[in-house]
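Hello,

Here is the structure I promised to send over. Have a look at it first, and then read on for what I found in it.

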Amino acid sequence: MLTSVPEHDITVGLKLINEATRIAVIPHRSPDGDAVGSALAMKFVLKNAGKNVDTVCVDPPPQNTKFLPETNQFINELKTDNYDLLIFVDCGASYMSKFHETNPEILDGSINTINIDHHESNDFFSTVNIVEPKAASTTQILFRLFQKWGFEINKQTATCLMTGLYFDTGSFRHNNTTPEVMKISGELLKLGADIKTISKYLFKKNSINKLKLWGSALSKIRKNHKEIVTSAVTQEDYENCQADTKDLEGVVDYLNAIPNSKFCILLAEDLKGGVKASMRTQSENVDLSKIAEVFGGGGHKMASGFRIDGEIKEEKHWTIQ
Ligand SMILES: [Mn+2]
């Protein structure tokens with residue numbers, strides 16, 4: 001673990017933290033289990049070290065992470081004058097926090113920044129970049145970093161770290177579930193991580209509307225002559241099921257469970273005149289991050305996504321126009 005990260009960056013990262021008194025921890029927009037878990041874990045160890053810490057994100061933590069402490073204390077506006085250090089967690093690229101639009105100063109070096117992430121697409125946008133694409137989650141990196149930096153991991157922090165691991169491995173089902181992931185999970189359990197609550201909230205809370213939406217997405221699955229599995233969700237589907245875009249989380253894993261497919265792609269209209277594409281594969285021979293990049297997106301080799309303007313039209317295949 002942390003083999004891709006120069007020792008120098010780990011040392012300078014700790015130095016920046018030691019010198020700072022007011023720190024903002026920033027996950028990516030539309031934060032998921034790993035983003036929220038990372039942000040809170042970071043906040044808790046920094047607070048223990050006597051720092052003033054805010055978690056800042058343009059979007060609030062999703063409902064399924066609300067069991068974690070202090071999810072209601074996220075701030076959605078970034079006032080950089082209030083901080084002497086910004087720590088980005090789980091942001092796969094400089095634009096992923098979305099604050100580059102309102103606060104261009106976060107990228108021009110006028111304020112110290114640390115970027116801790118596990119996405120292949122990361123563009124090393126900070127003063128210090130601690131990026132380990134081999135890690136299953138950002139919380140996995142944080143666990144090893146906290147140990148190296150000598151930060152104590154209490155029960156609360158252990159639960160936050162486990163949430164990221166549990167979420168980004170799809171409850172230890174994806175093939176990023178390495179021996180190291182299981183080893184760290186074991187250590188987190190020993191430290192008191194509450195896996196029972198994590199599993200209950202993250203993946204076992206389905207509303208009827210959500211399941212109806214899944215039903216409509218699953219009923220439209222196709223496999224084309226190139227062994228690519230597709231499905232599509234339109235505004236109409238959301239309206240018919242009284243569901244929203246967040247309810248789609250997890251559907252793509254079902255598409256990805258179809259044997260003998262090259263990869264799968266789920267197209268879903270969003271509420272802002274665009275289409276979000278989520279791609280997954282079981283194959284080691286496909287690099288989905290490359291496909292996502294063509295459309296201005298990013299992600300990992302076996303899981304990636306992008307967004308483009310337009311709407312979905314049903315023809316022989318799903319197309320975006
Ligand atoms: Mn992640």
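This is a predicted model: local features need pLDDT of at least 70, side-chain atom pairs count only at pLDDT 80 or more; totals for chains, interfaces and linings use all residues.

**What I found**

Ile 265 is buried, with a relative accessible area of 14%. Ile 265 sits in strand S8, which covers residues 263-269. Leaving out residues up to four places away in sequence, Ile 265 touches Ile 228, Val 229, Thr 230, Ser 231, Leu 255, Ala 277, Ser 278, Met 279 and Phe 306. From Ile 265 to Val 275 there are 10 residues in sequence, and their C-alpha atoms are 12 Å apart in space.

**The manganese site**

Which residues supply the protein donors of the manganese ion? They are Asp 34 (OD), Asp 90 (OD), His 118 (NE2) and Asp 168 (OD), at 2.2 to 2.4 Å from the ion. Along the sequence, the spacing of these donor residues reads D-x55-D-x27-H-x49-D. His 118 belongs to the loop between strand S4 (113-117) and strand S5 (128-131), while Asp 168 belongs to helix H5 (residues 155-168), so the pair ties together parts that are 50 residues apart in sequence. His 118 counts as buried, because its relative accessibility is 2%. Asp 168 also counts as buried, at 15% relative accessibility.

The largest nonpolar core has 51 residues, and the ones that touch the most other members are Met 42, Ile 87 and Ile 116. Helix H2 (residues 33-48) gives the most to this core, with 8 residues. If neighbours within four places in sequence are set aside, Met 42 is in contact with Ile 17, Val 25, Ile 87, Ile 116, Leu 142, Phe 146 and Trp 149. Another core, of 15 residues, lies apart from this one and has Ala 217, Val 229, Leu 255 and Ala 268 among its members.

On the H4 side the contact is made by Thr 139, Gln 140, Leu 142, Phe 143 and Phe 146, and on the H5 side by Thr 157, Cys 160, Leu 161, Gly 164 and Leu 165. Sorted by class, the contact of H4 with H5 has 6 nonpolar, 4 polar and no charged residues.

Thr 281 is in the loop between strand S9 (274-280) and helix H11 (288-294). Is Thr 281 buried or exposed? Its relative accessibility is 4%, so Thr 281 counts as buried. A polar atom of the Thr 281 side chain lies 2.9 Å from the backbone nitrogen of Ser 283. Not counting residues up to four places away in sequence, Thr 281 touches Asn 256, Lys 262, Phe 263, Val 286, Leu 288, Lys 301 and Met 302.

Lys 98 has a phi near 70°, a positive value in a residue other than glycine. Lys 98 is found in the loop between strand S3 (85-89) and helix H3 (99-102), and is partly exposed, with a relative accessible area of 34%.

For Asn 260, phi is near 60°, again a positive value in a residue other than glycine. Asn 260 lies in the loop between helix H10 (251-255) and S8, and is exposed, with a relative accessible area of 69%.

Best wishes

Note on methods. Residues are numbered from 1 along each chain as its sequence is written. Side-chain values use heavy atoms; hydrogens and water are left out. Donors are N, O and S atoms within 2.8 Å of the metal (3.2 Å for Na, K and Ca); water is not among the atoms, so sites may look incomplete. Helices (H or I, at least four residues) and strands (E, at least two) are DSSP runs, numbered from the N terminus. Buried means under 20% relative accessible area, exposed over 50%, partly exposed in between (1.4 Å probe, protein chains only). A polar contact is a pair of N or O atoms within 3.5 Å; within protein, one must be able to donate a hydrogen and the other to accept it, and residues adjacent in sequence count only if both atoms are side-chain atoms. Contact means heavy atoms within 4.5 Å. A nonpolar core is a set of buried Ala, Val, Leu, Ile, Met, Phe, Trp, Tyr and Cys residues joined through side-chain atoms within 4.5 Å. Ala, Val, Leu, Ile, Met, Phe, Trp, Tyr, Cys and Pro count as nonpolar, Asp, Glu, Lys and Arg as charged, and the others, Gly among them, as polar.
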